[in-house]
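Please look over the structure below before reading the briefing. The notes that follow go through it topic by topic.

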There are 2 protein chains.
Amino acid sequence: MLLYQQIRHHLQERLATGELQPGCKLPSERTLQEQFNSTRITVREALARLEAEGLIYSQKRRGWFVTPEKLKWNPAKKVNFNLLAQEQEFTPQTRIVSLNTLLDNTICPELGNGALYCLSRVRSLNERAIMFEAIHCAKARFVDLEKQRLDGSITEVMANVYAVEISHETCQISVTVLPDYVAEILEKNNGTPCLKITRSRYSADNDLIDFNIEYWLHDAIEMIVEGH
Amino acid sequence: MLLYQQIRHHLQERLATGELQPGCKLPSERTLQEQFNSTRITVREALARLEAEGLIYSQKRRGWFVTPEKLKWNPAKKVNFNLLAQEQEFTPQTRIVSLNTLLDNTICPELGNGALYCLSRVRSLNERAIMFEAIHCAKARFVDLEKQRLDGSITEVMANVYAVEISHETCQISVTVLPDYVAEILEKNNGTPCLKITRSRYSADNDLIDFNIEYWLHDAIEMIVEGH
DNA sequence: CAGTGGTCTAGACCACGAT
DNA sequence: TCGTGGTCTAGACCACTGG
């Protein structure tokens with residue numbers, strides 16, 4: 001039996017029995033190294049696999065932790081992140097990273113030639129940052145967006161303030177790694193796996209209203225999809 | 001700039017310019033090591049990140065290769081793998097791994113107490129194995145399933161031979177790693193990231209017809225989801 | 001300040017693939 | 001048989017965290 005597999009299985013067992021509870025800190029790499037008469041490289045081989053599996057995650061230079069419950073999410077339904085999280089007994093939080101104006105639209109031709117807003121936010125569950133998103137919409141359509149509350153549901157701001165209703169959307173979902181600048185913002189190592197979701201949202205008459213890019217930590221979300 | 005980042009960016013660039021074409025083999029780890037005056041550990045650090053990103057993949061002890069195009073797939077639609085693949089100009093293939101009878105159903109209580117069939121298959125695109133699935137259904141409902149063609153659409157066999165129509169389904173989708181036995185079958189290293197999809201399919205009167213577990217290589221699939 | 005994880009060196013042996 | 005990737009050793013220095 002391979003050494004890193006032994007370490008991996010040892011930790012898996014301690015996770016399965018509940019000896020290591022969600023959120024709690026694992027022994028340090030050097031402790032594990034001694035315990036298994038091995039080296040840090042080999043220990044990290046095991047940890048990397050557990051991380052890919054979604055069982056543990058690292059906080060930069062702080063240590064390794066047991067992954068909390070995943071948020072269950074149905075991408076086909078209009079989501080309100082805060083409500084969804086609360087239903088599942090998480091404490092959600094949204095932090096605004098920036099609101100920029102892009103003078104020339106190179107992101108999404110469908111949104112026209114005019115200037116765009118780009119709203120970047122980080123969302124957390126129980127103090128753990130799990131998602132970064134960049135929301136793009138036409139500045140002309142949402143004048144003075146910066147004067148609105150932007151840490152809640154954008155869908156609701158669009159509906160209530162600008163009378164723009166979202167009727168349907170298309171998502172593309174793939175598995176990749178956080179772009180380096182996103183990893184920085186989420187305080188993750190570069191190369192951290194994630195789900196990338198790009199989302200185009202339309203009005204009833206098929207006008208593109210906004211175009212969003214989301215990066216979810218791969219171990220923080222589980223999708224539910226219902227087919228006809 | 002970190003050394004493994006330099007190596008990573010160097011390869012990313014060669015991928016972006018098309019110098020390294022989909023399917024083609026990368027230089028060996030030892031070649032890269034010399035080229036960057038580094039060590040294999042560091043080179044592999046870069047390769048691991050490119051793999052997580054979905055840009056390259058490894059074939060066990062054969063080398064590293066550029067990832068081909070992804071299959072685009074809408075999980076909310078009834079899929080026929082072969083048709084879907086052909087539409088996107090792949091050559092699909094299905095290999096039957098095993099058809100077992102499970103005498104006591106510990107997999108899925110909803111399928112009743114009776115014996116279950118468990119059909120395991122591997123699906124490939126252009127000779128690359130990209131998915132493993134285990135299909136579970138009640139033996140009593142699909143007697144002599146082993147006498148049917150099982151390398152095509154099971155949905156069609158159910159409809160045409162057994163007059164059982166699937167009306168709707170629920171999927172759960174998460175990111176994890178291949179279980180070790182699946183990694184073996186797909187000839188991947190253990191710890192390879194994947195999309196895990198569990199799928200429950202029902203008849204119009206809400207009878208559970210089958211319960212399936214699928215493991216897709218994370219770099220082989222992109223999902224499209226449409227929301228109301 | 002001590003301890004942590006992140007990065008890196010310079011080797012080694014093995015099983016397996018290609019030839 | 002030779003080259004490949006897979007695993008492993010025994011160290012090192014650094015940046016950062018936490019007390």
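**Overview**

Chain A has six helices and ten strands. The model is a predicted one. Along the principal axes, the C-alpha atoms of chain A fill a box of roughly 65 × 35 × 30 Å.

**Chain A as a whole**

- Of the 228 residues in chain A, 54% are buried.
- Among the contacts in chain A with a separation of 6 or more, 57% are between residues 24 or more positions apart.

**How the two copies are related**

**A sheet with strands from both chains**

- Strands of a sheet pair through backbone hydrogen bonds, and the pairing is either parallel or antiparallel.
- Here an open sheet is formed by eight strands, with mixed pairing, in the order β3(A)-β10(A)-β7(B)-β8(B)-β9(B)-β6(B)-β5(B)-β4(B).
- Which strands are the edge strands? They are β3 (71–73) of chain A and β4 (92–102) of chain B, and each of them pairs on one side only.
- From one strand to the next, the twist averages 20°.
- The pairing of β3(A) with strand β10 (residues 221–227) of chain A is parallel and runs over three bridges.
- In this pairing, L71(A) stands opposite I221(A) of β10(A).

**Aromatic rings**

- Over all chains, the count of aromatic pairs comes to ten.
- How are the rings of W73(A) and W216(A) arranged? Their centres are 5.7 Å apart and their planes are at 25°; planes under 30 degrees apart count as stacked, so this pair is stacked.
- W73(A) lies in strand β3 of chain A, while W216(A) lies in strand β9 (residues 208–217) of chain A, so the pair ties together parts that are 143 residues apart in sequence.
- Is W73(A) buried or exposed? Its relative accessible area is 2%, and buried means under 20%, so W73(A) is buried.
- By the same cut-off, W216(A) is buried too, with a relative accessible area of 3%.
- W73(A), F81(A) and W216(A) are linked into a cluster by ring pairs.

**Charges over rings**

- In chain A, R128(A) lies over the face of Y57(A), and the distance to the ring centre is 4.0 Å.
- In chain B, the charged end of R128(B) sits over the ring of Y57(B), 4.0 Å from the centre of that ring.

**A buried valine**

- Helix α6 (residues 180–185) of chain A contains V182(A).
- Which residues does V182(A) contact, leaving aside its neighbours within four places in sequence? V182(A) is in contact with F132(A) and Y215(A).
- V182(A) and F132(A) are 50 residues apart in sequence, and their C-alpha atoms are 7.0 Å apart in space.

Notes. Residues numbered from 1 in each chain as written. Chains lettered and ligands numbered in written order. Predicted model: local features only at pLDDT ≥ 70, side-chain atom pairs only at ≥ 80, totals over all residues. Heavy atoms only, no water. Pairing = 2+ DSSP bridges. Helix = DSSP H or I, 4+ residues; strand = E, 2+ residues; numbered from the N terminus. Axes fitted to C-alpha atoms, helices over the stretch in contact; angles between N-to-C directions. Phe/Tyr/Trp six-rings, centres within 6.5 Å; stacked < 30°, edge-to-face > 60°. Buried < 20%, exposed > 50% of the residue type's maximum accessible area, 1.4 Å probe, protein only. Lys NZ or Arg CZ within 6 Å of the ring centre and 35° of its normal. Contact = heavy atoms within 4.5 Å.
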